[in-house]
Structure formats: C-alpha cells, structure tokens
Amino acid sequence: MEFRLTTEQELFKKMVREFVDKRVFPRAREIDSSDANLPEDILKEMADLGIFGVTIPEKYGGAAMPGEEMVYAMLAVHELARGDISMSLPVYTLLCLGWSYLVARLGTEQLKEELLPKVAAGQAFLGICTTEPSGGSDLARITTTAVKKGDRYILNGEKVYISGCKEAAKRGGGHLTLFRTDPAAGIRGMAFAYVPVNTPGLTWKMYEDMGRGGLSTSGIIYKGVEIPSYYVLGQENRGFHAAMEGFNVARTLVSAACTGGAEKSLEMGAEYIKQRNLFGQPLAKFQGISFEIAEDRAKLYMLMNTLLKGAWMIDQFYRDGSFSRKEINEIVAICKLTAPSLALDIVKHAMTYYGAFSFTKDCPLEMCLRGLMSYVVGAEGGANIMKIIIGREFIGDISVAYR
Ligand SMILES: Cc1cc2nc3c(=O)[nH]c(=O)nc-3n(C[C@H](O)[C@H](O)[C@H](O)COP(=O)(O)OP(=O)(O)OC[C@H]3O[C@@H](n4cnc5c(N)ncnc54)[C@H](O)[C@@H]3O)c2cc1C
C-alpha cells in the first residue's frame, strides 16, 4: 500500500497553494462583495495553470491525468477554498470540474467537442440543474418535461436555486439539466442533458443570497426551450441514474471545498491564540481553547483522509471497476454528511477565539461561515439525504427515497 500523493500531485498542490495564497486570499472580500462577478483575471490565471482542465481529457483541451482526475480535482478545490473562504470561487470551479467529468464520460462526441474545450480554457461555465419548487431532495417527482420532435427536445418547466446562471449568461455555458421524457415511467422516464443558459425561451432571475456572494444562484423558467438531441448524456431514459452518478463526483468536491475553508479557519484560529494575550499569557496556553483546537484538528484530519480515499476510490472505480457503486455511494455520503457541519463548527470555534473582531467584516471568517451555510442547508444534498444513502448501503433498503 502506498498512502501518499505522487510527486506530480504534490507539485500540483504546491502550485495551486502558492497561487491561492498570493492571488486569491487577499481578494476574498472583493470576490464575496462582487454581486456574482468573479474576477476575470483570476479565472484566466486559473485556466493558464490548467486548473479547469484537470477532469477534461487532453483531446478536448484539458490536462487530465487519466485515472487520477478526482484526486487532482479534489486537491484543486480544497486549495481554492483555503483562499476564497467565501466559497464562491471553489464552488464555481468544482461545478465546472465535476460536471465536465460526467460529460467526458457520458456525453456524445459532438457535445464533448463543442463544450469541453471552452470549460477547460475557463471561458465557459458548466453546472447542474435538478432542483424544482417541489423539493430538491425528491428528484423522482420533478415536473419539468421535454417532448422529442425529430432530433430536438422541447423543454417546459421550472427550476430553483440554480448556481451559475449569471456566469453562464455572461461567459457562455449552461447546466446539465434533469427533465421527464416519459412521465408515466417514473425515474426510468427521465433524461439528463446540457442546456445552455443563453437558449431562447430560457429566463432566469437571481436570488439575493446570504453568502457566497461571488457566485449567483437563480430560478429558471423554460418555455419551449429547444435543445439538440446530441446534448443528452447517455441513454435517454437513464437520465436519473446519470445525475446520481454525477452527484457522487460533485459531493466529493463539495466536501473538499468544506475541508479547505475549515483548514484555513483552523490555522487562522491557531495563529491568533498564540498572539492574543489575556490574563498575562497567550490564549493558546488555556487548555479550554487549545483542547478544542486539538479536537477540531483531529476530526478534520480524519475527514481529509477519508475524502482523499473517496476521491481515489472514484478514480479506481472508473479506471478498472475495482470498487462497487455501493462502496462509492457510501464513502461519498459519509464525506458529504460530515464535511459541512464539521467545517461550520471549526469556523464558529475560530470566530470565538477572535472574539468581537470576528463579528466585523474586517475579519474574513464571517465570509466562510455564510458560504458554508449553503452546504449545511442542503446544496448538493442535505445531511438527512446522506444518512438515507449511508443507511441504504450499510443496513439495507430502508430508504424512503426514489421509489
Ligand atoms: C446556495 C445554493 C446553491 C444551490 N445550487 C444548486 C444548483 O446549482 N443546482 C441544483 O439543482 N440545486 C441547487 N441547490 C439546491 C439544493 O440542491 C437543494 O437545496 C437540496 O437538494 C435540498 O432541496 P430543498 O432545498 O428543496 O429542500 P427539501 O428537499 O425541501 O428538504 C428540506 C429538508 O428536509 C430534509 N429531508 C428531505 N427528505 C427527507 C427525508 N426523507 N427524511 C428526513 N429529512 C428529509 C432535507 O435534508 C432538508 O434538510 C442549491 C442550494 C443552495 C442553498
């Protein structure tokens, strides 16, 4: 057993860390206050460093290391979240990386050639669009439909809380979207397809979010939106399963965003208590504080190792099928169950060490708290949904979901 990053992976991590420390962390506040306008210069530098290409094959303009895509993507997202602790830039990136990975696996040749080079070059956004007003947890009951006419699909319906509409409208790109093609067939009558945001008939309206201010969240209405049939991923009636496959990738990367923000916050907390003197000594000398940091460090360390294993397992799953889908489902759900709440606890603890200063916008930690809340309340699947998955895989089919 070789339990360490390869030399190339270490070098990649170091390169992203240096970029993030120098170029991203000092601008986190600007990004969070930008009303969903990620800085073009940062996106371009990320593309030049090859960050947007780590899950995209070379043939389509990427720089993927075959069989190591998820480990590279996880490293990139973790490092970015150490810099933009508001979570805007890491989430923008993880959506592009995760959903491109699925397009590279299940997309038609024509779609791959059309879309992936633009995403790899940082010139287009790619996200996910499943949630509807009836509830994001119960995707078996979505009502957005599409009718096939010749070689085109015509979509009608509504989606809510979708990340990245403004970015896709501005830069190009869109979302992998789940819709019904055969309403009588339940989850076996759904398709999953790329829908560009700038398609006639598609309108979107931004919400005013409490955090993650550099990245938009919007509601979408489809009225007679036409897409070509080559935009569909995999088999038409297997769309639900394709989306679930993609969620395993996305949830791993979401967990990496949480560990990145948590690690940076923990380090900031540890640094601060060494310098803050109260009662004649540094706060770090009080075990009421240093023990809490030690506990957080232990929990985060365990999560980061589990997450690295999960990313590696997904790579093995696609490389040679050496893990089962059930094993992947379980480890991913374990990470996504643990990461948002642990990261939130760590940020709250760090803010407590900073005292009143952390309640001001001069302290960056409050951005992290607000950004992480998106994952605590449910983005990419709520905690109870992760428990349903772990229970289903470990105990057996006790699940109420997806009948
Ligand atoms: C900032 C942000 C960005 C987002 N971006 C996207 C995006 O890009 N694309 C997209 O498609 N969606 C996106 N979402 C939506 C997200 O996927 C949903 O919030 C999530 O799926 C939960 O759906 P819901 O919010 O409708 O909650 P609901 O489905 O209504 O669930 C409400 C609560 O009940 C719990 N619950 C549900 N079922 C059960 C059960 N059987 N047992 C116990 N508890 C249960 C849930 O865990 C949740 O806590 C985003 C959300 C946020 C906050």
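**Buried and exposed positions in a predicted model**

Methionine 87 counts as buried because it has 34 C-beta neighbours inside 10 Å, where 20 or more are needed for that class. The model is a predicted one, and the domain assignment of its protein chain gives domain 1 (7–125), domain 2 (127–238) and domain 3 (247–394).

**Loop residues with positive phi**

- Methionine 87 is found in the loop between α4 and α5, and it has a positive phi of about 85 degrees although it is not a glycine.
- Most residues other than glycine have a negative phi.
- Alanine 36, which lies in the loop between α2 and α3, is likewise a residue other than glycine with a positive phi, in this case near 60 degrees.
- With 22 C-beta neighbours inside 10 Å, alanine 36 counts as buried.

- Within α1, the residues Phe12, Val16, Val20 and Val24 are buried; they cover an arc of only 65 degrees around the axis, which puts them on the same side of the helix.
- The other side of α1 carries the exposed residues Thr7, Glu10, Leu11, Lys14, Glu18 and Lys22.
- The packing partners of the buried residues of α1 are α2 (28–32), α3, α4 and α5 (88–106).

**Leucine 49**

- Leucine 49 is placed in the loop between α3 (40–48) and α4 (69–83), and it is partly exposed, since 18 other C-beta atoms lie within 10 Å.
- When residues up to four places away in sequence are not counted, leucine 49 touches Met15 and Phe19.
- Leucine 49 and valine 16 are 33 residues apart along the chain, and their C-alpha atoms are separated by 8.2 Å.

**Helix α8**

- Helix α8 (residues 239–275) has 37 residues and reaches 54 Å from its first C-alpha to its last, close to the 54 Å expected at 1.5 Å a residue.
- This helix is mostly covered, in that 30 of the 37 residues of α8 are buried.
- Methionine 244 lies in helix α8 but counts as partly exposed, because it has 18 C-beta neighbours inside 10 Å.
- Between methionine 244 and valine 147, which are 97 residues apart in sequence, the C-alpha to C-alpha distance is 22 Å.

**The shell around the ligand**

- Of the 23 residues around the ligand, those that come nearest are Gly136, Ser137, Ser163, Gly382 and Asn384.
- Two or more residues of the shell are given by each of the elements β1 (125–129), β3 (152–163), α11 (365–377) and α12 (383–394).
- By class, the shell around the ligand divides into 8 nonpolar, 13 polar and 2 charged residues.
- Both domain 2 (127–238) and domain 3 (247–394) contribute to the shell around the ligand, with at least three residues drawn from each.

**Domain 2 and domain 3**

- The centres of domain 2 and domain 3, taken over C-alpha atoms, are separated by 30 Å.
- Contact between these domains involves 6 residues of domain 2 and 8 residues of domain 3.
- The side of domain 2 that touches domain 3 has 2 nonpolar, 3 polar and 1 charged residues.

Conventions. Residues numbered from 1 in each chain as written. Predicted model: local features only at pLDDT ≥ 70, side-chain atom pairs only at ≥ 80, totals over all residues. Helix = DSSP H or I, 4+ residues; strand = E, 2+ residues; numbered from the N terminus. Buried ≥ 20, exposed ≤ 12 C-beta atoms within 10 Å, placed from the backbone. Contact = placed C-beta atoms within 7 Å. Arc of directions from axis to C-beta. Near = placed C-beta within 6 Å. Nonpolar A, V, L, I, M, F, W, Y, C, P; charged D, E, K, R; others polar. Domains from an automatic or database assignment. Expected span 1.5 Å × (residues − 1).
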